[in-house]
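Could you walk me through this model, stop by stop, with the viewer open? Please tell me what to select next and what is there.

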Amino acid sequence: HYHVPVGTPQIPSELAGDVASVVGLDTKPVLHSGLDGVSNRDVPNGAMTPVDIARAYGIDQLWNAGLHGEGVSVGLVALDAFTPSDVERFDRRNGISGPAVDVVRMPDAPDAPGDETGEVALDIQVLRGIAPSAQIVAYEASTNFGSMAPVIGRIVADGRVSIVSISFGLCEKHYPNDARQADEQELAAAYAAGISVFVASGDNGAYDCRNLQLSSGPQDRDLTAS
């Protein structure tokens, strides 16, 4: 069972004169890796290099087998622009010389990097780190509820990629119904086209809803984990 406070703790009257407040009440499990055989040396504090990621997720075994993303094209849902020099610096630092990132700009794509540019850059760097020989096609669009479906639709129509990566998401109950239905329709089209779509579970795992509303529980799904 999972227990979490859903309101302000009530101090018994007999203790009220001695207790000013109750803080830090949280019973969430301590974060730890769910991967067998992964130690703190595999997931160091601070930034992770491609080698660190490969070791933590067992990708180094694929590397040793000669698999580096050759002949694979990956579509990235990028709900912002990115600064190419950030990726170039990452490549130089990690000895990556794969294909340059190809950019497809949607009609609502921003003219310059905005608040989410760091996330887009991170997505690109992780993809290049684990599959340096793969071709990345970044589909740039604006960051709003209605952007996801058109991007997925464009990816399917282009037919350029067999894999799609999405790191953006929001608590499902805070997502407009029409936008969610449009997303589901386009994702079904991607599935029918044989495109594999991989989506992050959210910055808070399955608890993005609780991050917005304390009383939310596991029954309130993160859209990205649906």
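Predicted model: local features only at pLDDT ≥ 70, side-chain atom pairs only at ≥ 80, totals over all residues.

Five of them form an open sheet, and reading across it gives the order S2-S3-S1-S4-S5, with parallel pairing.

Select S1, residues 73–78, together with S3, residues 135–140. These two strands run parallel and are joined by 6 bridges. Show Leu 76 and look toward S3, where its bridge partner is Ala 138.

Keep Leu 76 displayed and look toward S4. Which residue is the bridge partner of Leu 76 there? It is Ser 165. S1 and S4 also run parallel, joined by 3 bridges.

From Ser 165, step on to S5, where Phe 198 stands opposite. S4 and S5 are paired over 4 bridges, again in the parallel sense.

**Helices H3 and H4**

Next, select residues 84–94 for H3 and 117–130 for H4. The two helices pack at an angle of about 30 degrees, and their axes are 10 Å apart. Angles under 35 degrees count as roughly parallel, so H3 and H4 are roughly parallel to each other. Their crossing is right-handed.

Show side chains to see who makes the contact. H3 brings Asp 86, Val 87, Phe 90 and Asp 91, while H4 brings Ile 124, Gln 125, Arg 128 and Gly 129. How many nonpolar, polar and charged residues does the contact of H3 with H4 have? There are 3 nonpolar, 2 polar and 3 charged residues.

**An aromatic pair**

Now hide the helices and select Phe 145 and Tyr 175. The count of aromatic pairs comes to 1, and these two residues form an edge-to-face pair, with 5.4 Å centre to centre and 85 degrees between the planes. Where in the chain do the two partners sit? Phe 145 is in the loop between S3 and helix H5 (148–158), and Tyr 175 is in the loop between strand S4 (163–166) and helix H6 (177–192). The pair thus links distant parts of the chain, 30 residues apart.

**Helices H5 and H6**

Finish by selecting the two helices that follow those loops, H5 and H6. They pack at an angle of about 15 degrees, with 8 Å between their axes. That angle makes H5 roughly parallel to H6. In passing H6, H5 makes a left-handed crossing.

Display the side chains once more. On the H5 side you will find Met 148, Ala 149, Ile 152, Gly 153 and Val 156. They meet Ala 182, Asp 183, Glu 186, Leu 187, Ala 189 and Ala 190 of H6. Sorted by class, the residues of this contact divide into 8 nonpolar, 1 polar and 2 charged.

Notes: Residues numbered from 1 in each chain as written. Heavy atoms only, no water. Pairing = 2+ DSSP bridges. Axes fitted to C-alpha atoms, helices over the stretch in contact; angles between N-to-C directions. Parallel < 35°, antiparallel > 145°, perpendicular 65-115°, else oblique. Left-handed = near helix turned anticlockwise from the far one by under 90°. Contact = heavy atoms within 4.5 Å. Nonpolar A, V, L, I, M, F, W, Y, C, P; charged D, E, K, R; others polar. Phe/Tyr/Trp six-rings, centres within 6.5 Å; stacked < 30°, edge-to-face > 60°.
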